[in-house]
Amino acid sequence: MMKITIAALALLAVAVAAYEHEDYHSHPSYKFEYGVKDPHTGDHKSQWEHRDGDVVKGAYTLHEADGTERVVEYSSDKHNGFQAHVKRVGHAHHPEVYGHHEAGHSYGHGHGHGHGSSYANGNLYQHHH
């Protein structure tokens, strides 16, 4: 029985040593990329990334609601840490008219927002100031 216990302890010690072993010679390396271009929702984005050892480089893009495109290019390594460069491409477009305004009318209450409307109970009620 004593020999079995010693053998079991020896195997356990080998298993623990193997579990705690760190491979300092491995070289992580990968590449990936993906993209989405959905005309129905307007969701447009992409990303790519490459890793070679301790050096990571990548970029991602996405279309903003204002019509511009955000481009982020990034890198990371031992000497410089994480670095990101953000660019905006294109010109922002905003609607020129946000609501209905009647020229020459002063409404007094609503900060010039014109007509208010409510959809309570499925009916449209118009409120004029």
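Thr68 sits in the loop between strand E3 and strand E4 (69-77) of this predicted model, where strands (E, at least two residues) and helices (H or I, at least four residues) are DSSP runs numbered from the N terminus. Residues are numbered from 1 along each chain as its sequence is written, and the model, being predicted, is read with limits: local features need pLDDT of at least 70, and side-chain atom pairs count only at pLDDT 80 or more, while totals for chains, interfaces and linings use all residues. Side-chain values use heavy atoms, with hydrogens and water left out.

Is Thr68 buried or exposed? With a relative accessibility of 1%, Thr68 counts as buried; the label buried applies under 20% relative accessible area, exposed over 50%, and partly exposed in between (1.4 Å probe, protein chains only). The residues that Thr68 touches, not counting those up to four places away in sequence, are Leu62, His63, Arg88, Val89, Gly90, His91 and Ala92, a contact being heavy atoms within 4.5 Å. The side chain of Thr68 also makes a polar contact of 2.6 Å with the side chain of Asp66. Such a polar contact is a pair of N or O atoms within 3.5 Å; within protein, one atom must be able to donate a hydrogen and the other to accept it, and residues adjacent in sequence count only if both atoms are side-chain atoms.

E3 and E4 form a hairpin with five residues between them, and Gly67 in the turn has a positive phi of about 95°. These two strands run antiparallel and are joined by eight bridges; strands are said to pair if DSSP finds at least two bridges between them. Within this pairing, Thr61 has Val71 of E4 as its bridge partner.

Strands of a sheet pair through backbone hydrogen bonds, either parallel or antiparallel.

On one side of E3 comes strand E2 (residues 43-52), which pairs with E3 (residues 55-63) in the antiparallel sense over eight bridges. Here the bridge partner of Trp48 is Ala59 in E3. Further along the sheet, nine bridges link E4 and E5, again antiparallel, and a hairpin joins these two strands through three residues. Val71 has Lys87 of E5 as its bridge partner.

Ser75 and Val56 are 19 residues apart in sequence, yet 5.4 Å apart in space from C-alpha to C-alpha. Beyond residues up to four places away in sequence, Ser75 touches Val56, Lys57, Gly81, Phe82 and Gln83.

Side chains of opposite charge can pair when their charged atoms come close. The structure holds five salt bridges, each a side-chain nitrogen of Lys or Arg within 4 Å of a carboxyl oxygen of Asp or Glu. One of them joins Asp54 and Lys78 at 3.5 Å, N to O. Asp54 lies in the loop between E2 and E3 and Lys78 in the loop between E4 and E5, so this pair ties together parts that are 24 residues apart in sequence. Asp54 is partly exposed at 42% relative accessibility, whereas Lys78 is exposed at 67%.

Another salt bridge is formed by Lys87 and Glu73, with the closest N and O atoms 3.9 Å apart. Because Lys87 lies in strand E5 and Glu73 in strand E4, the pair ties together parts that are 14 residues apart in sequence. Lys87 is partly exposed, with a relative accessible area of 43%, and Glu73 is partly exposed at 38%.

Finally, a word on confidence. The mean pLDDT of the protein is 74, and 56% of its residues reach 70 or more; pLDDT is the predictor's confidence in each residue, from 0 to 100. Where pLDDT is low, the predicted coordinates should not be read in detail.
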